[in-house]
Amino acid sequence: MDYVIEMLNITKEFPGIIANEDVTLQLKKGEIHALLGENGAGKSTLMSILFGMYRPEKGMIKKNGQEVKIHDPNDANRLGIGMVHQHFKLVHNFTVLENIILGIETTRNGFLEMRKAREKVMELSRRYGLMVDPDAIVEDITVGMQQRTEILKMLYRENEILIFDEPTAVLTPQEIDELMKIMKGLAAEGKSIIFITHKLNEIKTAADRCTVLRKGKCIGTVAVGETSVEELSEMMVGRKVSLIVSKEEARPGQVIFRTDGLTVKNKDTGKHVVNNVSIDVRAGEIVCIAGIDGNGQSELVYALTGIFHPDSGTIESNGKDITRAPIRERNIKVMGHIPEDRHKYGLVLDFNLAYNLVLQSYFTPRFTRNGFLKYDEIYQYADELIEKYDIRGGQGARTLIRSMSGGNQQKAIVAREIDRGNGLLIAVQPTRGLDVGAIEYIHKKLISERDEGKGVLMVSLELDEVMNLSDRILVIYEGEIVASLNPKEITLQELGLYMSGSKRKLEEEEKT
Amino acid sequence: MNLSRLVRRESFASFISSFMSILVGLAVGFIILLISNPAQALDGFRAILIGGFVDMKNLGQVFYFATPIIMTGLSVGFAYKTGLFNIGASGQFIIGAFAAVYVGVKWTFLPGGAHWLTALAAAMAAGALWGLIPGMLKAFCNVNEVIACIMMNYIGMYFTNFMVTRTIFDSLKNESQRVARTAVLPKAGLDNIFKVGTSSSSVNIGIFIAIFAGIVMYIILNNTKFGFELKACGYNSNASKYAGINEKRNIILSMMIAGALAGLGGALLYLAGAGKGIEVVDVLAAEGFNGIPVALLGLNNPIGIIMSGIFIAYLNIGGFNMQLYDFVPQVIEIIIAVIIYFSAFALLLKDILSSVGKKYRGRKQQESKPGDTAPKGGQ
C-alpha cells in the first residue's frame, strides 16, 4: 500500500517530558485518518512536527516514499500539507476572500488582482459544498463559516494533505454534521485528511482508520469500522471507562430555584434573546437546558448568575426573590456556577491554584482578618480541596493555573463551586474541551451532587451528555423554552427536532 | 517554605533581567559618548558610573531626585497591577504639587508639623481627584483611561498655571511663591549627613515617605483582600466579575490611589525647600512621564520601583557631573534617555532569559541521558 505521508518512529522531547516517543503514523491517499488521544497525549506535538513547527529528535518523515525534511510551515506548504488550527488564524477585519489569498496574493503591476482569485475560490467553494460568502467580513460570520474559510485557504493553496486540529470543539451539532460531510467530500476527491480529536463518536462517523496516542506513545492504528467505541476509549485512556455514567432514579424534592417569565432583550436590536423563560429546579434532580448554541443559553445564564439583570421576570431561590441580588450574594448563598468559558470567566490564569480556589470566598472571615489575607488558611483549604477532588498540578496549591491541564483546571472550578455548599449548581457546558477521563469525573461529580440532594441546572450542547445525565430536559429555541421532556421517553432524533424548532411540547410541563 | 523559595527564584530572575538591561543600556550609552566626544568619553562615562558616589552631597542629591520619580513610578506601577495604564501621572503630579504649595503658602495659621502634613494630604486628595475622573470614565462609560489621562494631563497643567498666577504668583520669577517655613519638609538630620563642607544636599524625609509608600503598596498588593481584588481585576476582569468582585469600584479606587501617589510625589518635590517653585510654563511635568520607565524597569514591583527610581536619579546626578568634561547638556540627556530606554527592555530580557534557561536545562537533560547515541533528527 502506498502512503502519501509517513511519520516513522518520531521522537520529540521537551525539557522534562517526552511528548512523542517512537510514534508512527501512516496516511493513505484519500482516507480520513483520526488521531485520537487525551489532552496532553502528544497529538498536537506530532502534528506540529508534520507542519514544520518542531523538529523531532529521532525519526523521519516520508512523502510518497521519499524522505523529506520539513523545517518550517513553508516547507510543509510546499509539500502540500495544510492545517486548520484549533484557534483559527484569520485576520478578523478582512473579508473571507482576502483571508484566503493572504500571503499568496496574485498581483498585476503591483496591484491586487482579485478577479481570478475570486473565481478560483468560488469554484472551490462550489465543488466542495463549502458555501462561504467571499465578501463577508470574518468577524461577522459564524465560527462554522470561519472554519470553512480555513478549509478554503488550504484548498486554495492546493494542499493534498489536510490536518484538522480538534475541528469540532467550537462547532454546534449541526455544524459538526456539516463538517463531517465536507471532510468526506474532500476525501472522496482524493485529499488525505488527518483528523485530531478526542471525541469517539466523531471518529466513528467520519474516519476510516485511527491512530491512538497515549502519554506520547503510539498505542496502535486500527480500522475504525472494526473497532468499537469502547475499545477505542480503552486504547486512549488505558483503562475501561464508562461512557454512560450509571445513576439511580432521581428523587426530586421541593423546588429550590425558579424563574418566572424571565426576559432579556438585546440592547442593540431589542430582540428578546431570552423570552419568557420559566424554569424550576428541584432538590435532587438534574435539569438540563438543551439547545443549539446561540439560542439564548448564555444570556439566560448571565441573568441567573447576576452578570446582568433581566428586563422582566423574576428569579427566586427557596422562595426568596433574588432577581436583582448582586453576584456576590448569589455566589455565597444561592449557587455554585461552572461557567461556559473557564479561561474567560472561571479562572484567573495568572493566579495560582490556591488563589483560584478562594476566588469567590477570599473575603470571608475564614480567609481574611482585618482586610489581610490569611495565607495559612488559604493554602490549607486549597490542600484540602486538592486532596478531595484529586486536582493535579506540578507544585500543588502553588501551581500557576495557566500551566495546568484543561481537565485539572475544570476540576479546580468544580471543586470550588461544589465546596461552597450551595443548594444549586449551575453547570454550563461543564465538559467542554475535556478528555474522556475528565468528562467521566465531572459527570460522576454532578450525579453525586444530585444524589446528595442538590439541584443541578445544566446547560449543554452535547446531546449525549444531555441524554445521559439529565432527569428532565428543557429545550431552548430562540430564547424560549419550547419543550419539557423526559430523557427516557425520547430519542436523540426527536430531541434534535425540538432543538431545531420544528416541534414543540409544553403540555407536560405542569405534570412533570 | 516552598513558597518563599519560589518567590525568591522569581524575583531573582527579575533582578537579573533588570540588571542586565542596565548593563546593555550603559554599554550603548558609552558608545554614544565615544561618538560625541571620544577624548573625554572615558572620563564622562566614569562620571556617570560613580555619579552619586563622589561625595555625600551628591549621594543626598540622588535621594532627593529619586523621591518624586519613585512616587510617580509607584503610581504607574500600582495602576498597572489593576490592568490600567496610568499615563496621567504628570497631571496628577502637578495638581498635587499645586495643592501642596497652595496650602504651604496660604494656610500659615497651621502650626509647625501640621502644616506640611496638611499640605501632603491636600496633594494626595488633589492627585486622587485627578485619578478619579479617568477612573470613573473608564468604569462607567468605558472610556479608555489612556485618552482620559492624557487629557487630564493638559487640564492639570493649564489649570495649575492658571491657579498659580491667580493665587500664589511670584511675578518676578514667573513661578509660585515660596512656601512658609512650617510647610517645608523636615530634614530630620539628613542635611548633616549628606553634605560637603557647609553645602548640604536638598535631601529630606521625602525619600523616607516615598520608600514607606512603596512598602505600603507592597503590603496592600500582596497581603490584603483589597490587593487580591485589584490583581484579580487586572489579570482577568471577566472572571473577577463572575466572582462577585466589584470591578468598577476597583478601577476607580485603583486610579484614585495611583493619582494620590503621583500627587504626593508633586508635594514631596515642591515642599523640599530647595528653592523650587511651580513654574508657569506650558510644559507637562516630566516627573510624571519618568514614572513610566521607572515602573517598567522596576517590573511594577514596589520594591523594584524604589530601586529603579534611585538608579535613574543616580544617572541624572552623574549626568550633571559630566558637564565637567565638556559634554553639552543635550548629549547628557540623550545618554540618560538611552540608558533608561534600554533598561526598559527589562521585561523582554526576562522572557528571553527564562527561555534560554529552559533550553539549557533541556539540553543538559538530553546529554546526561545514557544510551542516547542515535544521531539527532531534523538537523
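Let me start with the domains of chain A, where the assignment gives domain 1 as residues 3-237 and domain 2 as the two segments 255-350 and 420-511. What we are looking at is a predicted model, and within it the C-alpha centres of domain 1 of chain A and domain 2 of chain A are 34 Å apart. Where these two domains of chain A touch, 10 residues come from domain 1 and 8 residues from domain 2. On the domain 1 side of that contact, helix H6 (173-188) and helix H8 (229-237) of chain A each contribute at least two residues, and H8(A) provides the largest share, with 3 residues. By class, the residues on this side of domain 1 of chain A are 4 nonpolar, 5 polar and 1 charged.

If we set aside neighbours within four places in sequence, Phe257(A) is in contact with Asp280(A), Val281(A), Ser317(A), Leu424(A) and Gly455(A). Phe257(A) and Gly423(A) are separated by 166 residues in sequence, and yet their C-alpha atoms are 9.1 Å apart in space.

The second residue is Thr314(A), in strand E16, residues 312-317 of chain A. Thr314(A) counts as partly exposed, because it has 15 C-beta neighbours inside 10 Å. Not counting residues up to four places away in sequence, Thr314(A) touches Thr259(A), Asp260(A), Asp321(A) and Thr323(A), and its C-alpha is 10 Å from that of Asn276(A), a residue 38 places apart from Thr314(A) in sequence.

Most residues other than glycine have a negative phi. Against that background, Asp390(A) has a positive phi, near 55 degrees, and Gln429(A) also has a positive phi, near 40 degrees. Asp390(A) lies in the loop between helix H13 (375-389) and helix H14 (406-419) of chain A, whereas Gln429(A) is in the loop between strand E21 (424-428) and helix H15 (436-451) of chain A. Which of the labels, buried or exposed, belongs to Gln429(A)? Gln429(A) is buried, with 22 other C-beta atoms within 10 Å, while Asp390(A) is exposed, with 11 other C-beta atoms within 10 Å.

Let me turn to chain B, whose secondary structure comes to 15 helices and 4 strands. Of the 379 residues of chain B, 49% count as buried, and among contacts in chain B between residues at least 6 apart in sequence, 80% join residues at least 24 apart.

From H8(B), the contact is made by Ile211(B), Gly214(B), Ile215(B), Met217(B) and Tyr218(B), and from H13(B) by Pro302(B), Ile303(B), Ile305(B) and Ile306(B). This contact has 8 nonpolar residues, 1 polar residue and no charged residues.

Finally, a word on confidence. The model scores ipTM 0.76 and pTM 0.74, and for chain B the mean pLDDT is 83, with 88% of residues reaching 70 or more. Within chain B, confidence is highest in helix H4 (residues 89-106), at a mean of 95, and lowest in helix H15 (residues 346-368), at a mean of 57. Over residues 1-8 of chain B the pLDDT stays under 50, and the model has 3 contacts beyond four places in sequence for this stretch. Residues 364-379 of chain B likewise have a pLDDT below 50, with 13 contacts in the model beyond near neighbours in sequence.

Definitions and conventions: Residues are numbered from 1 along each chain as its sequence is written. Chains are lettered from A and ligands numbered from 1 in the order in which they are written. This is a predicted model: local features need pLDDT of at least 70, side-chain atom pairs count only at pLDDT 80 or more; totals for chains, interfaces and linings use all residues. Two residues are in contact if their C-beta atoms, placed from the backbone, lie within 7 Å. Ala, Val, Leu, Ile, Met, Phe, Trp, Tyr, Cys and Pro count as nonpolar, Asp, Glu, Lys and Arg as charged, and the others, Gly among them, as polar. pLDDT is the predictor's confidence in each residue, from 0 to 100. A residue is buried if 20 or more other C-beta atoms lie within 10 Å of its own, exposed if 12 or fewer, and partly exposed in between; C-beta atoms are placed from the backbone. Domain bounds come from an automatic or database domain assignment.
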